[in-house]
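Colleague: I am new to this structure and would like to learn how its helix packing can be read.

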Amino acid sequence: MSQATGSQASAKSEPPATPAIADRYAAVRALSERLAEPLSAEDCAVQSMPDASPIKWHLAHTTWFYETFLLAQQPGYEEYSGDFRYLFNSYYNTVGQQFPRPKRGLMSRPGLGEVLAYRVYVDDAMRPLLAAADAQTERIVEVGLNHEQQHQELMLTDIKHALSCNPLLPAYEESEAARPAATSGGTGHSSAERPSFDWLNFDEGLREIGWAPGGEIGWAPGGAGGGFAFDNESPRHRTFCEAFALADRTVTCGEYLRFIEDGGYGRPGPWLSMGWAAVQEHGWRAPLYWFERDGAWHHYTLAGPRPVDPQQPVCHVSYFEADAYARWAGARLPTEAEWEVASPGLPSPGPFVDQLLAAGHAVHPGRAWEWTASQYTAYPGYQPPDGAMGEYNGKFMCNQFVLRGGSCATHSTHIRPTYRNFFPPDASWQFTGIRLAR
């Protein structure tokens with residue numbers, strides 16, 4: 001998920017033959033606008049922190065991608081606005097300068113209406129290009145579609161943070177349908193006892209991890225292997241794993257509450273040194289969005305404030321909190337290699353955002369990205385692609401930790417066991433949770 005959940009890079013092989021690239025393009029573009037529908041123009045302009053971006057900016061930047069890397073190369077194409085090259089570039093230094101990310105909320109103009117008109121303009125220009133697309137064009141489009149799906153997840157996480165800062169705690173979107181049942185299993189305990197899990201055991205051995213064209217990789221929604229992966233998922237390589245066990249489910253809110261009740265935020269024992277410093281600096285005493293009301297814990301959700309459900313997976317915890325909880329629980333976080341080795345035996349993933357919307361549910365954390373103990377770095381033999389589209393992954397391989405598995409805000413076609421999301425260890429505004437290892 002990567003700063004734009006950070007994983008914008010080139011495809012590693014031919015894109016899937018079905019659905020047709022034009023159909024995929026139309027579906028992805030429509031979902032971005034569907035996610036913005038419940039919001040006012042004012043909602044779409046707000047930026048609540050430097051790490052987040054306004055919804056309007058996400059809608060424009062994902063459009064800028066196709067204009068910059070595809071349409072601008074076509075003879076006779078006239079760009080919508082020369083100003084947009086600067087305003088809606090994110091981190092592509094080889095393309096040109098960018099408007100500073102922390103100040104994106106100051107762009108009251110162009111307004112939402114003009115951004116939506118920009119999307120229509122670019123979509124109209126893309127249709128004939130898609131109809132006659134060659135393999136190279138399809139590869140770039142596929143990158144753009146996966147890039148836009150990353151921003152769709154960011155749209156939900158960023159607007160959740162923005163609305164949570166509003167004293168009215170307004171809902172992003174109300175849902176008449178009951179939210180889906182918890183997928184993690186388990187319940188909270190009545191005292192500060194350690195949680196109990198069923199454990200999946202794995203022998204020591206030399207394993208292979210990473211993406212390879214056509215390789216068998218478990219529960220990929222499009223089938224084994226697949227036609228697209230970001231460059232940071234490759235090359236497939238060997239790694240040795242000591243014998244380990246992985247919890248069969250993620251940690252629940254009720255289990256995490258026991259950590260809070262046992263003084264987990266009040267003493268340095270379970271914490272890494274930098275984590276304990278973050279607790280003190282930020283005043284953490286519970287996961288992001290949790291608050292106490294009438295003697296009970298509540299949290300802000302995209303459907304508004306709700307009581308904390310002890311059976312739901314805990315969500316919006318930082319790497320520091322996940323690591324501290326694991327130590328308190330007498331366990332640890334898995335490495336990303338362990339997580340990937342174990343992934344074929346994990347429960348089926350989901351529900352994902354498209355599945356939740358199709359069922360009429362509000363987007364609620366029935367599934368969260370899972371922190372690993374692995375720092376985000378290059379696989380052996382990794383070579384970033386040349387040019388602008390090779391900028392995003394390699395240059396972020398510092399001071400970040402890898403997350404695996406996807407979240408309720410991820411699209412079902414945008415996840416696979418080899419997918420490497422990454423964020424700084426103090427980040428918690430993403431849908432991030434905990435799976436234990438030992």
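Predicted model: local features only at pLDDT ≥ 70, side-chain atom pairs only at ≥ 80, totals over all residues.

Colleague: At what angle do helix α1 and helix α3 pack?

Modeller: Two packed helices are described by the angle between their axes and by the distance between those axes. Here helix α1 (residues 21-36) packs against helix α3 (residues 55-69) at about 165 degrees, with the axes 10 Å apart. That makes α1 roughly antiparallel to α3, a label for angles over 145 degrees. Tyr-25, Arg-29, Ser-32 and Ala-36 of α1 make the contact with Ile-55, Leu-59, Thr-62, Thr-63 and Tyr-66 of α3, where contact means heavy atoms within 4.5 Å.

Colleague: How do the axes of α7 and α9 cross?

Modeller: The axes of helix α7 (residues 253-261) and helix α9 (residues 319-328) cross at roughly 80 degrees and come within 11 Å. The two helices are therefore roughly perpendicular to each other, the term for 65 to 115 degrees. On the α7 side the contact is made by Glu-255, Tyr-256, Arg-258 and Phe-259, and on the α9 side by Glu-321, Ala-324, Tyr-325 and Trp-328.

Colleague: Which residues does Met-126 contact, leaving aside its neighbours within four places in sequence?

Modeller: With those neighbours left aside, Met-126 is in contact with Tyr-25, Tyr-66, Leu-70, Leu-71 and Val-141.

Key:
Residues numbered from 1 in each chain as written. Heavy atoms only, no water. Axes fitted to C-alpha atoms, helices over the stretch in contact; angles between N-to-C directions. Helix = DSSP H or I, 4+ residues; strand = E, 2+ residues; numbered from the N terminus. Parallel < 35°, antiparallel > 145°, perpendicular 65-115°, else oblique.
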